[in-house]
Amino acid sequence: MTVSLTEQAKRWIAARLHPGDGAIDATVGNGHDTLFLASRVGENGRVFAFDIQTEAIDGARRRLRQAGLERRVFWYLKGHQHLAESIPITWRSRLRAAMFNLGYLPGGDKLRITRSATTIPALAQAVELVSTGGRITVIAYTGHPGGEEEADSVQSWLGRQPGDLIFWRRVIPVGRRQPPLLFLIEKR
Ligand SMILES: C[S@@+](CC[C@H](N)C(=O)[O-])C[C@H]1O[C@@H](n2cnc3c(N)ncnc32)[C@H](O)[C@@H]1O
């Protein structure tokens, strides 16, 4: 059975994210990852969730409210390039995971996409913020204008990082034209 990239991303994160931890959802979108992270961090953990669109934050908030998990989430209607200055200092030492799901909001405005000029600084901040052993996932889509360039930028940025700082590998689904890419990252 083929395991979807989103499921593989969740499994990578789940292995390190436990009740009481902090986690970052760098691209809230429809809130599926926010819900997953909120369910993993438990009552005493928190998710720091970023998106530039009100529509995304509002929809995701509803999703989390319906699941009874909204109070586990801090919402930020701003770009993920502001991660470091936004997450409360008291949570810094408890951050164990970050998820990036790039591109546009499914069912939303296809022109409001993530862009490498802000994705790369955000990824650098996430690597800095998560504690040793913490994990990060990036799903990058190559089928929309600018997507392939963004995926290339993520890969070359990862390739330039010292091997003693992070371990990373790339997963590409077989047999698809313009496949999305999954980057699995762990801070050493
Ligand atoms: C593919 S969707 C995310 C899907 C989401 N993870 C889910 O579970 O439904 C990408 C999201 O990134 C958001 N986005 C675009 N630029 C952003 C930025 N600089 N910072 C944070 N979010 C951004 C878009 O508004 C869109 O909602």
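Predicted model: local features only at pLDDT ≥ 70, side-chain atom pairs only at ≥ 80, totals over all residues.
Local features require pLDDT of at least 70 and side-chain atom pairs count only at pLDDT 80 or more, while totals for chains, interfaces and linings use all residues. Residues are numbered from 1 along each chain as its sequence is written, and side-chain values use heavy atoms, with hydrogens and water left out.

Six helices and seven strands make up the secondary structure of the chain, taken as DSSP runs numbered from the N terminus (helices H or I, at least four residues; strands E, at least two). Along the sequence they follow the pattern α-β-α-β-α-β-α-β-α-β-α-β-β. The radius of gyration is 15 Å, close to the 16 Å that the globule rule gives for 188 residues, so the chain is as compact as a globular protein of that length; the radius is taken over C-alpha atoms, and the rule is 2.2 Å times the number of residues to the power 0.38.

Turning to the ligand, 23 residues surround it, the closest being Asn30, Asp33, Asp51, Gln53 and His80; a residue is counted if one of its heavy atoms lies within 4 Å. Both α2 (32–41) and β2 (46–51) supply at least two residues of this shell.

Polar contacts (pairs of N or O atoms within 3.5 Å) can be followed one by one. A polar side-chain atom of Asp51 lies 2.6 Å from a ligand oxygen atom. From the backbone, a polar atom of His32 is 3.1 Å from an oxygen atom of the ligand, and an N or O atom of Thr27 is 3.0 Å from a ligand nitrogen atom. The protein covers 96% of the 600 Å² of accessible area that the ligand has on its own (Shrake-Rupley method, 1.4 Å probe).

Conventions
Polar contact = N/O pair within 3.5 Å; in protein donor to acceptor, adjacent residues only side chain to side chain.
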